[in-house]
Amino acid sequence: MRITCPICGARDRREFTVKGAALALERPARDAGDVAWDDYLHNRDNPAGRSAELWYHETGCAAWIVVVRDTVTHEVFETRLADGDTEAGS
Amino acid sequence: MRFSGLRVLKEGLTGNKGWSPHWRDADPKPEYDVVVIGGGGHGLATAYYLAREHGITDVAVLEKGYLGGGNIGRNTTIVRANYFLPGNSEFYSHSLKLWEGLEEELNYNVMHSQRGLINLFHNDGQRDAIVRRGNAMVNQGDDAILLDRAALRRKVPYLDFDNARFPVQGGLFHPRGGTARHDAVAWGFARGASDRGVDLVQNCEVTGIDVDRGRVTGVQTTRGAIRARKVAVVVAGRSSQVATMAGMRLPIESHVLQAFVTEGLKPCIDHVVTFGMGHFYISQSDKGGLVFGGDLDFYPSYASRGNLPTAEHVMEAGMTLMPMIGKARLLRSWGGIMDMTPDGSPIIDRSGIEGLYLNCGWCYGGFKAVPGSGHCMAHLVATDRPHDAAARFRLDRFRTGRGLMDEEGTGSQHSLH
Ligand SMILES: Cc1cc2nc3c(=O)[nH]c(=O)nc-3n(C[C@H](O)[C@H](O)[C@H](O)COP(=O)(O)OP(=O)(O)OC[C@H]3O[C@@H](n4cnc5c(N)ncnc54)[C@H](O)[C@@H]3O)c2cc1C
Ligand SMILES: [Zn+2]
């Protein structure tokens, strides 16, 4: 699998580590309650198919990247920087 | 279908034409007391113990593919009871005891081989952790023996003891650990369940779960609707999809775990051996193939095959630990979909919907759990109360934070197990 880092370009999957569902970007408020925090920390849609995930370009530029890809075929549809809306190639 | 020495001889001389299938390939009826979704090890064992222990025989096991085609037929077959934390400790101890009586219980040769398992350690910190684990195992009533370098060398002389980076200092020996024939476990439970009246239905995918006012009433399948008083979800890597049918979101991520096997060799590896410094463990099958594996591919996946980086890592770790296997040729590799929980421990619990029960989160260690899980799941489904040995496998431990079982001590987060 190759992933296109919006900053560095297409790179081998070995350069990245995965955090999991891109849900990690939607941190609830501190006092949102145990159900909201449980959903955020533990419960997952875990789709067989299209999924948005958070990846870290660990041995590259150290950017956090949203990777939209297929968990069955490993096709990568889209990547963008997690903190901005910079669209990058597929 | 029964076996005997005489029968084997007779069939051998007459072209093996007299054997019959081990279980009935049933068509689904419109209604059952209990429907078990998933014909893997855990589903079949659940059905078996429902019939055997609780006299509940109006049961169907619904399998979307063929029986035993999931992880039960893909794992590296290690059976052990060397867990550390309360919850896991008593459960796997219970399961190992069931294993030890399983062949007699099922009257089926599951080739359970207690050849001994050795966890290696490579530095003082690991040694301390392993001593602690060994003590926990002994306290639980199971067996653990600390081997120093000399004692270890007598058992497994072929390791690279003086490896410059990861010298081998010793190991924890678990004599009752070992392996079993994975398919035979599925077949044995299938035959036992079928003989007691359970319908084993293949090519029957569950596509919906019917819930009426908070109570389960049945399932929708590719072979029609089936009513049921109780439904047990036992689908391993597909747990999230099936739970969605009942409107639930589970604390599960699905990942691929790979395994590898070499050409058949003369007996050379007598135990199960695990490397303490890289992702690698190994045993030798009865056919002579070296069967080994490592860790997950480390990103969510439903592709039943693995990635190259992990394969390379496993090979490198193997060569670091036991260079003697380097000339063996690899025959095959494959993968299975693991149901990973945040703390790495399983769930056997009610679902919040009456009559709907969950059995999932076995991560990469659910083969050894098959008899124990089936036994405890059957108890839960039959009595609506958890079995003592599985009482801590609660679904709500993630929400409350109470009773998390993070065996590896890495933190209770998806990306860490
Ligand atoms: C490579 C590898 C190595 C492993 N090594 C070990 C080991 O050494 N020791 C150990 O203890 N564990 C090991 N495991 C883990 C162990 O194999 C699993 O935890 C265990 O088999 C899972 O339970 P199961 O047998 O019920 O799963 P499965 O056999 O996967 O059963 C689940 C079944 O549910 C069916 N299903 C799914 N969705 C539906 C639906 N909608 N309708 C109907 N049916 C459905 C599937 O087709 C499948 O047959 C390993 C796993 C792998 C992949
Ligand atoms: Zn980059």
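How much area is buried between domain 1 of chain B and domain 2 of chain B?

1. Basis of the note. This is a predicted model, in which local features need pLDDT of at least 70, side-chain atom pairs count only at pLDDT 80 or more, and totals for chains, interfaces and linings use all residues. Residues are numbered from 1 along each chain as its sequence is written, chains are lettered from A and ligands numbered from 1 in the order in which they are written, and side-chain values use heavy atoms, with hydrogens and water left out.

2. The two domains of chain B. Domain 1 comprises 5-77 + 182-251 + 343-400, and domain 2 comprises 114-177 + 254-340; such bounds come from an automatic or database domain assignment. Taken over C-alpha atoms, their centres are 30 Å apart.

3. The interface between them. About 1,300 Å² is buried between domain 1 and domain 2 of chain B, and carbon and sulfur atoms give 51% of this. Buried area here is the accessible area (1.4 Å probe) that two parts lose on being put together, summed over both. On the domain 1 side, B:Arg74, B:Thr76 and B:Tyr364 lose the most area to domain 2, together 45% of what that side buries. In terms of contact (heavy atoms within 4.5 Å), 15 residues of domain 1 meet 17 residues of domain 2.

4. The position of ligand 1. Both domains of chain B give residues to the shell around ligand 1, so the ligand lies between them. In total, 38 residues surround ligand 1, and B:Gly41, B:Glu63, B:Asn71, B:Thr76 and B:Lys368 are the closest.

5. For the ligand, a polar contact is a pair of N or O atoms within 3.5 Å. An oxygen atom of ligand 1 lies 2.6 Å from a side-chain N or O atom of B:Glu63. The backbone also takes part: an N or O atom of B:Gly41 is 2.9 Å from a ligand oxygen, and a polar backbone atom of B:Ile72 is 2.9 Å from an oxygen atom of the ligand. The protein covers 95% of the 1,000 Å² of accessible area that ligand 1 has on its own; accessible areas come from the Shrake-Rupley method with a 1.4 Å probe.

6. Chain A. This chain has one helix and six strands, which run β-β-β-α-β-β-β from the N terminus on. Helices (H or I, at least four residues) and strands (E, at least two) are DSSP runs, numbered from the N terminus.

Methods: A residue is near a molecule or strand if one of its heavy atoms lies within 4 Å of it. A polar contact is a pair of N or O atoms within 3.5 Å; within protein, one must be able to donate a hydrogen and the other to accept it, and residues adjacent in sequence count only if both atoms are side-chain atoms.
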